[in-house]
Amino acid sequence: MTDDPLRAPLVAGDRRALARAITLVESTRADHRARATTLLDALRREGREALRIGLSGTPGVGKSTFIEAFGMMLTERGLRVAVLAVDPSSTRTGGSILGDKTRMDRLSRSPNAFIRPSPSATHLGGVARRSREGVALCEAAGYDVVLVETVGVGQSETMVAQMCDLFVLLLAPAGGDELQGVKRGIMEIADMILVNKADGDLKPAATRTVADYAGALRLLRKRPQDPEGFPRALPVSALREDGLAQAWDDMQALADWRREAGHWKANRASQAAHWFRSEVREGLLARLTADGVIRTRMVELAEDVAAGARAPEAAAREMLESLGVVDPVSAGS
Ligand code: GDP
């Protein structure tokens, strides 16, 4: 097998090679996919590992400001930082919540940082694969920390958590004592909650919000992958660069503990298995819908179901049987 010309410069840390490799994994062209898969496989053998941090928050909470300040702090400490964005909104609107404005000006000029805006994609499965492969490329390029940013909508958080070692939720100070409608599921995957804008007039509200969330986190079942005191809520000010060093210390403490306790490895292993199953599912669907006859039958049956002529379950069953997929229940009886 020929050595991909992007491999050596990418491993040497060349940002242009990394950017081109990411463009390659984002492509859906069959020859690009094949090349990307071979390249990723070769890079895996480098065995490089970064700390992958997922970061989520609603628009306006201060993600760009935080990532810029946090990223600058890390680069000033000699770490190489990559920032990737996962923007599920681009799948629907073609536009993007995350990528449009000029963001992270200072960080993007740092030689130790690499920032990649979100690709526009057609479906969430595509976004997941591209992001995951983007993370793997940054890791192979020798970045110490890979930040994966996403907006707090839909399923993107769960998806990002599945490709990261730590998951951080960024919140704004709440007005009242309500928990900002943060869904329980998100609380359960968060390793840290950072309440941003803990400065000026907002400081008292931020302090209260931290206390509320600290209380809510204590009520959640303790997870085996957490040492004492985690998941944790902290106040930060991305604008004033307050609390960022503490947040980083805590992230490292958590990551170190998990490495020593074996959770880190176990987590990565179960993530890999998860993505394998997801790839098989996606691949199966893609292959089926690539077949014209099958596609037509799908459309016909969907129309029948929509018109009320068939029940969804019966139509699905007929579809699966026409594909030769045997129902394990009826096959066994
Ligand atoms: P994003 O949409 O989550 O990326 O949020 P931005 O980083 O663009 O920030 C949204 C707004 O909140 C901007 O006007 C920021 O200046 C402001 N902001 C961000 N971080 C802080 C902070 O720590 N304190 C205060 N007071 N404002 C902040």
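Colleague: Where does Pro231 lie?
Modeller: Pro231 is in the loop between α10 (203-219) and β7 (232-235). Bear in mind that this is a predicted model.

Colleague: What is the peptide bond from Phe230 to Pro231, cis or trans?
Modeller: The bond from Phe230 to Pro231 is cis. Its omega is near -10 degrees.

Colleague: On to backbone angles. What phi does Glu241 have?
Modeller: Glu241 has a positive phi of about 60 degrees, although Glu241 is not a glycine. This residue lies in the loop between β7 and α11 (244-261).

Colleague: Where is Lys197 found?
Modeller: Look in the loop between β6 (192-195) and α10. Lys197 has a relative accessibility of 29%, so it counts as partly exposed.

Colleague: Let me step back. How many helices and strands does the protein chain have?
Modeller: There are 15 helices and seven strands in the protein chain.

Colleague: How much of the protein chain is buried?
Modeller: Of the 333 residues, 45% are buried.

Colleague: And the accessible surface of the protein chain, what does it come to?
Modeller: About 17,100 Å². Carbon and sulfur atoms account for 55% of that surface.

Colleague: What about contacts between residues at least 6 apart in sequence?
Modeller: Of those contacts in the protein chain, 77% join residues at least 24 apart.

Colleague: Now helix packing. At what angle do α2 and α3 cross?
Modeller: Helix α2 (residues 15-26) and helix α3 (residues 30-44) cross at roughly 125 degrees. Their axes come within 8 Å. At that angle, α2 and α3 are therefore oblique to each other.

Colleague: Is the crossing of α2 and α3 left-handed or right-handed?
Modeller: α2 passes α3 in a left-handed crossing.

Colleague: Which residues meet there, between α2 and α3?
Modeller: From α2 come Ala21, Leu24 and Val25. From α3 come His32, Arg33, Arg35, Ala36, Leu39 and Leu40. By class, the contact of α2 with α3 has six nonpolar residues, one polar and two charged.

Colleague: Which residues does Asp4 contact, leaving aside neighbours within four places in sequence?
Modeller: Asp4 is in contact with Arg35 and Leu39. Both of those also take part in the contact of α3 with α2. Asp4 itself is found in the segment before α1 (7-11).

Colleague: Why does Asp4 count as buried?
Modeller: Asp4 counts as buried because its relative accessibility is 13%, and the cut-off for buried is under 20%.

Colleague: Other end of the chain now. How do α13 and α14 pack?
Modeller: Helix α13 (residues 292-306) and helix α14 (residues 312-322) pack at an angle of about 165 degrees. Their axes are 10 Å apart. α13 is therefore roughly antiparallel to α14. The crossing of α13 and α14 is right-handed.

Colleague: Which residues of α13 and α14 meet?
Modeller: Ile294, Arg297, Met298, Leu301 and Val305 in α13. On the α14 side they meet Pro312, Ala315, Glu318 and Met319. Seven residues of the contact of α13 with α14 are nonpolar, none polar and two charged.

Colleague: What does Glu318 touch, not counting residues up to four places away in sequence?
Modeller: Glu318 touches Arg297, Leu301 and Arg310. The C-alpha atoms of Glu318 and Leu301 are separated by 8.9 Å. Along the chain, Glu318 and Leu301 are 17 residues apart.

Colleague: Last one. Where is Cys164 found?
Modeller: Cys164 is in the loop between α8 (156-161) and β5 (166-171). At 2% relative accessibility, Cys164 counts as buried.

Colleague: What is Cys164 in contact with, leaving aside neighbours within four places in sequence?
Modeller: Cys164 is in contact with Arg52, Ile53, Gly54, Val148, Asn267 and Gln271.

Colleague: How far apart in space are Cys164 and Arg132?
Modeller: Cys164 and Arg132 are 9.1 Å apart, C-alpha to C-alpha. In sequence, Cys164 and Arg132 are 32 residues apart.

Methods:
Residues numbered from 1 in each chain as written. Predicted model: local features only at pLDDT ≥ 70, side-chain atom pairs only at ≥ 80, totals over all residues. Heavy atoms only, no water. Axes fitted to C-alpha atoms, helices over the stretch in contact; angles between N-to-C directions. Helix = DSSP H or I, 4+ residues; strand = E, 2+ residues; numbered from the N terminus. Parallel < 35°, antiparallel > 145°, perpendicular 65-115°, else oblique. Left-handed = near helix turned anticlockwise from the far one by under 90°. Contact = heavy atoms within 4.5 Å. Nonpolar A, V, L, I, M, F, W, Y, C, P; charged D, E, K, R; others polar. Buried < 20%, exposed > 50% of the residue type's maximum accessible area, 1.4 Å probe, protein only. Areas by Shrake-Rupley, 256 points an atom, 1.4 Å probe, with all protein chains shown as cover.
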